[in-house]
Amino acid sequence: MNERIKALREQSLSARPCISMERARLLTEFYGSGQAEHVSVPVARALAFKYLLENKELCINRGELIVGERGPAPKATPTYPEICTHTLQDFDILNSREKVSFDVSDEARREQKETIMPQWSGHSIRDRIFSQVDPEWVEAYEAGLFTEFMEQRAPGHTVLDDKIYRKGFIDFKKDIRASLENLDFDTDPQASEKREELQAMSIAADAIMLYAARHAEKLTELAAAESDPARKAELESMAEICRRVPAHAPTSFWEALQYYWFVHLGVITELNTWDSFNPGRLDRHLLPFYTKDIRTGKLTEERARELLQAFWVKFNNQPAPPKVKVTAEESNTYTDFCLINIGGVDENGRDAANEMSYILLDVIEEMRLVQPSSMVQVSKKSPNRLLDRALQIIRTGYGQPSLFNTDALVQEMLRQGKSVQDARNGGCSGCVETGAFGKESYILTGYFNLTKVLEITLNNGLDPRTGKKIGLATGQADKFSSFEELFEAFKKQLQHFIDIKIKGNIVIERLWAEHLPAPFMSILIDDCIRTGKDYNNGGARYNTSYVQGVGLGSITDSLAAIRYHVFDNRRVTMTELLDAMKADFEGFDDLRTRLVEETPRYGNDDDYADGIMRDVFEAFFESVEGRPNTRGGHFRINLLPTTCHVYFGSVIGALPYGRTSRLPLSEGISPVQGADRKGPTAVLKSAAKIDHVRTGGTLLNQKFTPQVLQSEDGLEKLRHLVRAYFTMDGHHIQFNVVTADTLRRAQENPEQYRDLIVRVAGYSDYFVDLGESLQNEIIRRTEHGLA
Amino acid sequence: MVAQQDKTGAIFDIKKFAIHDGPGIRTTVFLTGCPMDCWWCHNPEGRGEAPTDPTAKTRRVTVAHVMEEIEKDRVFYDQSGGGATFSGGEPMAQPEFLVALLKECRRRQIATAVDTCGYAPPGDFDKVADLVDLFLYDLKIMDDERHRTYTGVSNGPVLENLKLLARSGRRIQLRIPLIPGITDTEDNLESILSFLDDLPAVRRVSLLPYNRFGEDKRKRYKLPVRLERVRNQSETEIEAAAERFKSHGFDVKIGG
């Protein structure tokens, strides 16, 4: 890393996240100006987007090679009052909370109170959602049965394909015009709606070109004032680049990166999409530019690396938008889930790893930034060289890249009805979510607390935390005469809450489609232009809605404990067990020890427990799979937690496997922390008993102490482990390579471990930025030592 | 006659993801019983010395039970060229059980390794030799008197069996524990090398540096600790020992 990159990286690392009022102010100005009143909603949104890009302050940092910031400075983070209008109390919490805080100035507070709140309070999507969903939805939400992604953030979860490397926005405008010309107002009752949407896209295209042109101008000014001839020339080249892209297709490596970055900023300025946005298969996209520029002598390998490193810093400068309340709990991080995909296969099914794959991996290793996150897609055709290079980086203890099974991803997408080309060109984004890049809106609707459903079942529909009856009366737990009866009751209860969740999501999807279309994003995702439909209104080629199951290990072990102790061995009665749980095991030490020690647990390749896990999976799958959404697609499941297993655990009392109340649940498809006692192969075998192909992603975390991976031999064994898991159709695996002692020391002396990055759950984060309970949980996760 | 699958034997552990007991990812089955009593023993529970330790669960199991556990990780053996390793204790201390396990593995095409101290009647090695893909063969002390002191038995059968296996073309990986002042002495290593001069078929050797794991375990089991003041070797000392073997044409590995 050269001095320039070091400085840019340091600037990014040391910048304090703060709230920038710029976006909220400009948006409020625009909507207050009356311009929005006489146009359609999509056109108004596009004009607002244009107003933002016309008027936002430009930020060009010293020494930068890729330009453009979402806010007026690195980590100056905007708010989205049209989505979630923060109260002053929200601002205070953001400002003062211990983890993932944002500085809020007095000026910002004043502006929020005097200008922003009066215009947006009561009209934000968040306000609309809470006033329009059923009361039973609100009750279940408040009880912690599920979360809702779209109450503070826009439908996101999409990734770009290769289209921007082939087309400029002038070309996209031509496509939009062609689509407008094709509208048939005689036969298509939606033609005028489509016209509005397409016009909005056209305005959004102008907006991004204008934004680039403003940068070109500013760069020219800076060049004129620059005394250092080398930097002057650089600034002139950058101005030239910003004059070309994104209006035109990129012609060079540098242009390709700058083009993507403008698009990225456009997406995250238009709305606060969850997950941010993502260039996807970057090694494939960049290779042609790299090869050509190297051949013509326009670029050196060293310069290419420098440009990529500068590009990496830009991601790290954009923290996830500020989140409050449950949303902050479920995703307690600055990370905005941009997941660079490396490797995989091409549309013809051939291995896609190339020279750029290895360069990107070098950049990842050297930059050691939390953002962007990265992953390697491993297919059966991927060379060992690729996987080994990834493992070499993983063993440095940085938690990146994570590893994905291309062959499983492709099968998942084919099962959902995607074309084989679209499937092969896809990958994963966010934590572990599978999608057809550039062609799919695969929205995560919220986490679902499977274990809470059991707690409510055991209490005959009552939530023991509040005493409220929020579920069905499925029978007194002590009257069940068999495990099967209990499981039937659980299934009924599960269906009940899934119905409530999906009913709510139907309302929420329509609110977004109606009030907050995303014309800029719609330009980027096929087939919005062709169909004249917005991304948020079913314009994408594929439209999937996911419900993410959390706590598979916890629900399995709970049910296994009941089955084993109460029904099979009959050494504990249900009444005893319920009493002990009610007392949080206080005064029931012996019973608790037996529950902890003797229960067959998930994660040990033991069919007793794993069979129950499979039954839970099937019940969850059946309750969600294939239900229609309003965007022409279907609801499906995946299994991942981000940090929601901590929140979900906090709303649940004692559990039958001896866990005391409020502790975190298991995360992803990993076993309950400490339940796996037979080593990593047993964990992988248990996890592989899930039918991954019927999900849209599963998350498996494995922690290794560094010793395991020190030798080349150890690395090879790890490769075998990964390959074997993927042979069994495992979707994803990630490794934490740290010792529990290191983590404990970091907890005690956070200031000495500021750079300690750990894998949390589908992403890496600074350990010291995590909440204490999450820190403790990561420490507890089973360490697999030397055999 | 008892069917092969129903034969029983005593084991004290089955360990998965064993990555230092032969090639690839393996499952190691620890059979109870050992004729030696080495001062540095890591597995005193394998001699039935620590019946009270909860982690040392000596139990009688059938061949079928052991095979069920071994089968579970087949996908990992296939991927890594691994298999099952029989260790102990001393697996040769239960020859009939071991033969039954080895036959089952062969029938199911699971590669096998036997980790042995070499102290067993030669006839027993004859019985297993054809069924084993790799012997992990321990060689400790060449001087018989000292061998008796530190292991409790003569090294005569150990050396004889090694010759027998080597001369009949078995794959052998020698394992030499480097116990400071006991096995890692100049004298002992030179004697080992000159003994091996006559066995050109044995050219793979693992040097196992000393660690205090065995002592900690003995303390935990409240057994007398006999190597209280032994220190760990330095990297340089380990390297020097490795060089000594390399210069004689050996393929040397440090650790399992």
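**Where the chains meet**

I started with the contact between the two chains: chain B and chain A bury about 1,600 Å² between them, with 67% of it on carbon and sulfur atoms. I'm keeping in mind that this is a predicted model.

Next I looked up who takes part. Chain B brings 17 residues to the contact and chain A brings 18 residues. On the chain B side, the residues that lose the most area to chain A are Phe17(B), Phe76(B) and Gln79(B), together 38% of what that side buries.

Then I checked for charge pairing. I got zero salt bridges between chain B and chain A, but I did get six residue pairs in polar contact.

Which elements of chain B give two or more residues to the side that touches chain A? I found β1 (8-18), α1 (63-72) and α2 (74-80). I also sorted the residues on that side of chain B: six are nonpolar, five polar and six charged.

**Inside the chains**

I moved on to the cores. The largest nonpolar core has 222 residues, and Phe169(A), Phe253(A) and Leu403(A) have the most contacts inside it. Helix α20 (residues 483-515) of chain A gives the most to this core, with 13 residues.

Note on methods. Residues numbered from 1 in each chain as written. Chains lettered and ligands numbered in written order. Predicted model: local features only at pLDDT ≥ 70, side-chain atom pairs only at ≥ 80, totals over all residues. Heavy atoms only, no water. Core = buried A, V, L, I, M, F, W, Y, C linked by side-chain atoms within 4.5 Å. Buried < 20%, exposed > 50% of the residue type's maximum accessible area, 1.4 Å probe, protein only. Helix = DSSP H or I, 4+ residues; strand = E, 2+ residues; numbered from the N terminus. Contact = heavy atoms within 4.5 Å. Buried area = accessible area lost by both parts, 1.4 Å probe. Salt bridge = Lys/Arg side-chain N within 4 Å of Asp/Glu carboxyl O. Polar contact = N/O pair within 3.5 Å; in protein donor to acceptor, adjacent residues only side chain to side chain. Nonpolar A, V, L, I, M, F, W, Y, C, P; charged D, E, K, R; others polar.
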